[in-house]
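Subject: Structure handover

Hello,

Here is the structure I promised to pass on. Please have a look, then read my notes below.

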Amino acid sequence: MEFEQLVRRINELSRKSKAEGLTDSEKEEQTKLRNEYRALVVVNLSSQLNGIRIKHPDGSITNLKKSSER
């Protein structure tokens with residue numbers, strides 16, 4: 001599912017949950033979609049961290065991704 005569609009459906013289910021409640025199948029779908037969303041956020045953040053490098057005053061460079069994996 002495309003990211004925008006994923007977010008749209010999560011929001012639809014959230015609004016319905018507050019207004020009238022969800023069926024068991026909708027609750028399962030909501031849980032699945034939220035887990036998928038979290039996984040996409042983690043992958044995106046990981047990719048961004050991998051591209052950041054910090055140059056220190058002594059000239060050394062630290063790859064932020066590797067230092068955050070400790």
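Contact here means heavy atoms within 4.5 Å. This is a predicted model: local features need pLDDT of at least 70, side-chain atom pairs count only at pLDDT 80 or more, and totals for chains, interfaces and linings use all residues. Residues are numbered from 1 along each chain as its sequence is written, and side-chain values use heavy atoms, with hydrogens and water left out.

Start with Glu26. Glu26 sits in helix α2 (residues 24-50); helices are DSSP runs of H or I, at least four residues, numbered from the N terminus. Setting aside neighbours within four places in sequence, Glu26 touches Leu13, Lys16 and Gly21. Glu26 counts as buried because its relative accessibility is 15% (buried is under 20% relative accessible area, exposed over 50%, partly exposed in between; 1.4 Å probe, protein chains only).

Next, the core. The largest nonpolar core has 5 residues: Leu6, Ile10, Leu13, Leu22 and Leu33. Helix α1 (residues 3-19) gives the largest share, 3 residues. Such a core is a set of buried Ala, Val, Leu, Ile, Met, Phe, Trp, Tyr and Cys residues joined through side-chain atoms within 4.5 Å. Beyond four places in sequence, the contacts of Leu13 include Leu22, Glu29, Gln30 and Leu33.

Last, the rings. The whole structure holds 1 aromatic pair (ring centres of Phe, Tyr or Trp, its six-membered ring, within 6.5 Å; planes under 30 degrees apart are stacked, over 60 edge-to-face, the rest tilted). Phe3 and Tyr37 are stacked, because their centres lie 5.7 Å apart and their planes meet at 25°. The pair links Phe3 in helix α1 with Tyr37 in helix α2, 34 residues apart. Phe3 is partly exposed at 37%, and Tyr37 is partly exposed at 34%.

Best wishes

Terms used. Helix = DSSP H or I, 4+ residues; strand = E, 2+ residues; numbered from the N terminus.
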